[in-house]
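Here is a walk through some strand pairings and helix contacts. Have the model open as you read.

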Amino acid sequence: MPNHTADAVVIGAGVIGCAVAHALARDGLRVAVVAREGAPGLGSTSASSAIIRFNYSTLAGVATSWEGKFAWEAWEEFLGGPDDDGRVARFHKVGSFCLDAPGLAPEKVLPLFDTVGVPYEVWDAATLRERIPSIDNGRFYPPKPVDSEEFLADPDGELGAFYMPEAGFVDDPQFAAHNLATAARRLGATFFFKATVTGVARAGGRVAGVDLADGTRIDAPVVVNCAGPASSRVNALADDGGDVLGDFNVSTRPLRNEVHYVPEPPGYSAGRVAGPVAADLDLGTYWRGTPNGEILVGGTEPACDPMHFVDDPDDFNTGVTEEIYTAQVYRAARRFPELTVPNRPKGIGAVYDVTDDWIPIYDRTALPGYYVAIGTSGNQFKNAPMAGLYLQRIIAASENGLDHDTTPVTVDLPHSGQTVDLSAFSRRRVINRDSSFTVMG
């Protein structure tokens, strides 16, 4: 097969890979994107809840998500034009509330909002009942197995919440990735679909491109691993005697999870396109409304539930299981006593690419020219526009001789006035003990 040449190869065409490709192409690089799937966004991106919210456990996380919101609000402008069919994905600003619970405690989160300038409201128990009339705001913490007697115990007090009026969701995560891919193509990026990377080439002590299963070689001085759940496999291809893998203090693993669709509680959308997004670490669940009168229900990895890590990100059940459906939907029903629980589950199983502390790695590696945007599944969809910018800045600085490990790249964010030190997303960082250690990040 003929060789191809590029300035940078991006491995993966999910929302993160397409965002990185777009940012690099916008910087003038000739970009080649390699993806195992047949189109952009068909991997874990297609199963994303696509929530736009700002509650994270770190200042960098809050500032990144808040800055990203402005890109989603002006999505067509950010892309430089619409998709091929004249449309772009839509951001529905329906608001989001987080129930008081450890991991999302207001005394930890709200000072970060104050620093960044994220608007919010504090709801006491009475206000929460007024704003969300169908909710049971009892305190049940900690989350308990749904088949235990403790799960049915009476609540111990009442909960309030904090509310983010600027939050919401994107209506089609796969189409959002397609938008980014189209924008990257307009800037000259080339996409290789149904292509599997079998090797990461080296020459002269640095990365030199990638080899594909069909015999194609793409020569490039920069390779970016955005392979989602397959990211650890790609890192292994780049490794030579531990020089890449041995340099990571934070690891990634593919984790199977599920989301389920059920009819929304009576009156939840209240005549709007959908009801608000919500995080409920008190019971161990989250949900968001949909434009068709349902709510999408997922889990927040409570300690009482097993984690379903998989060995092979290509071999997992894409359907739903009775075990996880019952756990997640029964928790939502405990919060909404009038919620209808269908006998037949409706949802999807997917695989997240998660780090030890659920904070992504946006970084260089010990192999010159080899970069990573990994550990992003579950909570980084909203940050894709910023992830592309962060990788572009790290790559540009590193390829011009800066040692990002000793002199971290910083990015000034115009909307908040914050300067983000990108070492917050380093592969060498100390595990963040302030993390929620859940999908909330």
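## Strands β15 and β20

Strand β15 (residues 252-263) and β20 run antiparallel, with nine bridges joining them. Strands count as paired here if DSSP finds at least two bridges between them. Within this pairing, Pro-254 sits opposite Asp-353 of β20. Strands themselves are DSSP runs (E, at least two residues), helices are runs of H or I with at least four residues, and both are numbered from the N terminus.

How enclosed is strand β20 (residues 347-355)? Seven of its nine residues are buried, so the rest of the structure largely encloses β20. Buried means under 20% relative accessible area, exposed means over 50%, and partly exposed is in between (1.4 Å probe, protein chains only).

## A note on the model

This is a predicted model, so local features need pLDDT of at least 70 and side-chain atom pairs count only at pLDDT 80 or more, while totals for chains, interfaces and linings use all residues. Residues are numbered from 1 along each chain as its sequence is written, and side-chain values use heavy atoms, with hydrogens and water left out.

Strand β2 (residues 8-11) is covered on both faces. Ala-8 and Val-10 are buried on one side, and Val-9 and Ile-11 are buried on the other.

β2 runs parallel to strand β3 (residues 31-34), and four bridges join the two. Look across from Val-10 and you'll find Val-33 in β3.

## Helices α1 and α9

Helix α1 (residues 15-26) and helix α9 (residues 384-399) have axes that come within 8 Å and cross at roughly 50°. That makes α1 oblique to α9. Angles under 35 degrees count as roughly parallel, over 145 as roughly antiparallel, 65 to 115 as roughly perpendicular, and the rest as oblique. The axes are lines fitted to C-alpha atoms over the stretch in contact, with angles from 0 to 180 degrees between N-to-C directions.

Residues of α1 that meet α9 include Val-15, Ile-16 and Ala-19, and their α9 partners include Ala-384, Ala-387 and Gly-388. Contact means heavy atoms within 4.5 Å. By class, this contact of α1 with α9 has 11 nonpolar, two polar and no charged residues.

## Helices α2 and α4

The axes of helix α2 (residues 59-73) and helix α4 (residues 106-116) come within 10 Å and cross at roughly 55°, so α2 and α4 are oblique to each other. From α2, the contact uses Leu-59, Val-62, Ala-63 and Trp-66, while α4 brings Leu-112, Phe-113, Thr-115 and Val-116.

The contact of α2 with α4 divides into seven nonpolar residues, one polar and no charged. Ala, Val, Leu, Ile, Met, Phe, Trp, Tyr, Cys and Pro count as nonpolar, Asp, Glu, Lys and Arg as charged, and the others, Gly among them, as polar.
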